[in-house]
Amino acid sequence: MSLKTRVVERIKGSLLIEKPRIYADIIFDRKLLLDVVLLMIGGTATALQGIVNGALSRHTAPGFPPWLSFAVGSALLFIFLMVDTRGGRSISWKSAFKTSPWWSWLGGLPGAAFVVVITLMMPIHGAAFVYSIYIYTFEGKAFLSAENSSFGGTIEGTGVDSMGDVYAVDFGNDITSAGRLTGEQTLLYKSDNSKSLVSSMRFFINSEEKEEAFITDATVHRVIRLYDRDSATGSFASNADFCKDDAMLEPNDIAIAPSSGRIFLSGMKWSTDSVSGDGDLWTCDSSGAAKLLGTFYRTNGIEVSPDEKTLYLSESINKGDEPVSNVVHAFDLDAEAGTVSNKRIFVDFEQLDNSATIDVDGMRTDTEGNLYITRNGLGQVAVFSPSGELTMYISSPSIQNVANLEFGGVDGKDLYMVGACKSDDTKGCVDVYSGSAIGNAFSKLQAGGSSGLANANGSPSSPDGMELDSISSSSLSSSSSSSSSSSSSSSSSSSPVGTPACKGRAKKRVPSA
């Protein structure tokens, strides 16, 4: 047998290719299921140990938590050892000393070093930095740089059309404009109001299978509708106010439920010391009728799940002009009626990784319901499963303050991240990460139009007349937490991408006088 053949046979044996097991066998193998559960418990315990030790060291001394960990662990492991070895009688100690290498008896030293280092580093850098060795980081690549970008430093508010082209605001360093960032960089929309602050957008397919778009204008408290699109150039011949209410704070970000054509808006007001009312949540039905759903501390990112049963909304609190709290709420959503209920915490970044001082900005979902959350100050996107489990990070090498994101490309698998360039914060940079996930917004545009949307000539359909619930937030403690600990995912890089010791916040965008 040749060397090549022996190697192939060894690999086959190690991968159980000679005796494959079908998926059903694995599912119903009770022993394997028990092993998987135990491994999950062990992994969770490892992550929690560092957080527990770090918290205790703040109130005692750095050396005390490791000692306590080993004292408690030694006592429990001694009991386990006695049970497992029948009081030590099942081990041949003389043989073990003779046959095992001397260094194998030093196993406690690496463990002690691990616990001590984690305990020392956790209060300084936070879990986001420390546990980057467990949560893998995928690296994005530069797409638009300061040298070739047509966007200004307040680039934000990304949206994708049915062709997979991605757009953003602050085109031409003009906060009243939006433009395309993929392919040829071209103007999409420019407000005729010099006081406008164009902040976000979403595309949709109406009931006549015509593509249209919503664009938010924060300072004029309105949403603009673009229609009559030229399929050859991608430009829109017409636009009009879709919904407007002077009581809106400043509609900052937008989400859409395509099945009904209903949009949802987050508003924000930056205050030195946040109060309830610095953020709000609005909805506009398919006729453009606006309704307030609730007031909060400063709100920002907003997204609807693929099944349109969950609405995600970020909420932040400032003290002394700096963020001190950042959470993402989940609500039960009735997209047809436009009502939200059962508010709960999806992720609290203080509890998760001690990064409450880093702002949450734009958010998007993929078709599997995973939520992608920008961390404006960490140069990264954090990805969470629908159950709230942190699964991975995606780093943005050209951008420290990632402001927004959107999936695009011909198959909807390219994740574009936007923000001010590290090299020149007066210019807007774009990084892209290409993976296997498909963006929810892109996917819904391929599915076609909605019977609930207004028709293509700009005249609205009749209002649905549904009464909307109102939910306010006077304190974060009123929400029940469902945030979850970290878990590993396959990766191309596991390098730390930032430390929550710094502060990050959404960049203030100011309209001209």
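Visitor: What is the mean pLDDT of the chain, and how many of its residues reach 70 or more?
Guide: In this predicted model, the mean pLDDT of the chain is 81 and 73% of its residues reach 70 or more, where pLDDT is the predictor's confidence in each residue, from 0 to 100. Local features need a pLDDT of at least 70 and side-chain atom pairs count only at 80 or more, while totals for chains, interfaces and linings use all residues. Residues are numbered from 1 along each chain as its sequence is written, and side-chain values use heavy atoms, with hydrogens and water left out.

Visitor: Over which residues does pLDDT stay under 50?
Guide: It stays under 50 over residues 451-470, for which the model has 61 contacts beyond four places in sequence, a contact being heavy atoms within 4.5 Å. Over residues 473-502 the pLDDT is also below 50, and that stretch has 90 contacts beyond near neighbours in sequence. Where pLDDT is low, the predicted coordinates should not be read in detail.

Visitor: Why is strand β25 described as largely enclosed by the rest of the structure?
Guide: Of the 7 residues of β25 (residues 428-434), 6 are buried, so the strand is largely enclosed; buried means under 20% relative accessible area, exposed over 50%, and partly exposed in between, with a 1.4 Å probe and protein chains only. Strands are DSSP runs of E with at least two residues, and helices are runs of H or I with at least four, numbered from the N terminus.

Visitor: Which strands pair with β25?
Guide: Strand β24 (residues 414-421) pairs with β25 in the antiparallel sense over 7 bridges, and strand β2 (residues 141-144) does so over 3 bridges, whereas DSSP has to find at least two bridges for two strands to count as paired. V432 in β25 is the bridge partner of Y416, and V430 in β25 stands opposite L144. With 6 residues between them, β24 and β25 form a hairpin.

Visitor: What makes β3 and β6 edge strands?
Guide: Each pairs on one side only, β3 being 159-160 and β6 being 187-190, in an open sheet of 4 strands with the order β3-β4-β5-β6 and antiparallel pairing. Between β3 and strand β4 (residues 166-169) there are 2 bridges, and G159 stands opposite Y167 in β4.

Visitor: Why does L76 count as exposed?
Guide: L76, which lies in helix α4 (residues 64-84), counts as exposed because its relative accessibility is 54%.
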